[in-house]
Amino acid sequence: MAIFKGAGVAIVTPMYENGEVNYVKLEEILDFQINNSTDAIIICGTTGESSTLTHEEHLECIQYTVKHVNKRVPVIAGTGSNSTETAIYLSREAETAGADALLIVTPYYNKATQKGLLAHYRAIANSVSLPIIMYNVPSRTGCNILPETAVKLAKEVKNIVAIKEATGDISQVAKLMALADGCIDLYSGCDDQIVPVMSLGGSGVISVLSNISPQKTHDMVVKFLEGDVSESIRLQLEAIELIDALFCEVNPIPVKTAMNFMGMEVGPLRMPLTPMEDKNAEKLKNAMKKYKLI
């Protein structure tokens with residue numbers, strides 16, 4: 001059984017102007033998401049600036065989210081690291097906090113061979129009982145989980161149940177699902193490929209777009225699952241210009257900018273991320289106007 005079906009939001013971490021985590025605002029945006037049909041909350045992922053959170057902040061965000069969401073939707077904690085030992089520590093703490101599942105990115109910077117990936121994911125999975133979503137995003141990590149490796153893990157490790165595919169390579173996704181033969185749940189990690197991934201057997205998306213348009217992103221997936229493929233395609237194509245603007249600079253620079261344009265007041269980014277270039281901010285604002293968000 002899938003951890004969730006639909007659109008899960010890779011939620012931002014709101015901050016005060018001094019850079020501290022704004023938990024009051026986090027409550028607000030969690031409620032905004034749930035009230036607008038988001039199907040799962042993914043906390044402390046890439047969009048949540050997990051790489052610049054201290055371990056204490058990281059775990060506090062997970063704990064706070066689990067408590068406030070209070071089982072209304074699944075909470076999936078991002079607990080990956082380029083250190084297997086650190087990933088195990090964060091994963092165990094997230095399980096203790098009451099998270100429903102884990103999102104584990106491939107090791108970054110030091111990377112890993114396919115043999116190393118097998119060992120890394122097995123070690124983490126064996127340290128917890130929670131279901132695990134592998135996160136494959138080579139553009140950020142320099143490390144690609146090959147389809148054969150992902151399927152081997154899903155077949156041999158009980159609690160490795162899904163993968164977030166953000167390679168952007170539909171051919172690789174197709175090969176993965178052909179080899180998997182139903183043994184792994186698939187989530188799109190690219191907002192511009194939600195419908196293509198669904199057409200290959202996907203269960204939904206882990207989305208940046210959902211931060212600013214949760215209802216339409218949810219509808220895009222649910223319409224497909226219900227058999228209204230034409231409406232799902234319409235929603236996908238309608239969102240393409242906005243999605244392009246949300247990724248014209250490195251995530252989460254544009255999405256935090258967009259949320260601030262909407263009056264959500266999620267605050268600044270942590271360095272080395274910096275404010276959006278004026279020309280790109282204007283591009284984003286124009287796309288949001290066309291999409292009727294501002």
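**Exercise 1. Describe how helices H6 and H7 pack in this predicted model.**

*Step 1.* Locate the helices (DSSP runs of H or I, at least four residues, numbered from the N terminus): H6 covers residues 147–156 and H7 residues 170–180.

*Step 2.* Take the geometry: the angle is about 35°, with the axes 9 Å apart. Axes are lines fitted to C-alpha atoms over the stretch in contact, and angles run from 0 to 180 degrees between N-to-C directions.

*Step 3.* List the contacts (heavy atoms within 4.5 Å): Pro147, Glu148, Ala150, Val151 and Lys155 in H6 meet Gln172, Lys175, Leu176, Leu179 and Ala180 in H7.

A word on conventions: residues are numbered from 1 along each chain as its sequence is written, and side-chain values use heavy atoms, leaving out hydrogens and water. Because the model is predicted, local features need pLDDT of at least 70 and side-chain atom pairs 80 or more, while totals for chains, interfaces and linings use all residues.

**Exercise 2. Find and classify the aromatic pairs in the whole structure.**

*Step 1.* Search for Phe, Tyr and Trp rings (six-membered ring for Trp) with centres within 6.5 Å; planes under 30 degrees apart are stacked, over 60 edge-to-face, the rest tilted. The search finds two pairs.

*Step 2.* Phe4 and Tyr187 have centres 4.5 Å apart and planes at 15°, so this pair is stacked. Phe4 lies in the segment before strand E1 (6–10) and Tyr187 in strand E7 (a DSSP run of E, at least two residues), 183 residues apart.

*Step 3.* Tyr23 and Tyr64 are tilted, at 4.8 Å centre to centre and 35° between the planes.
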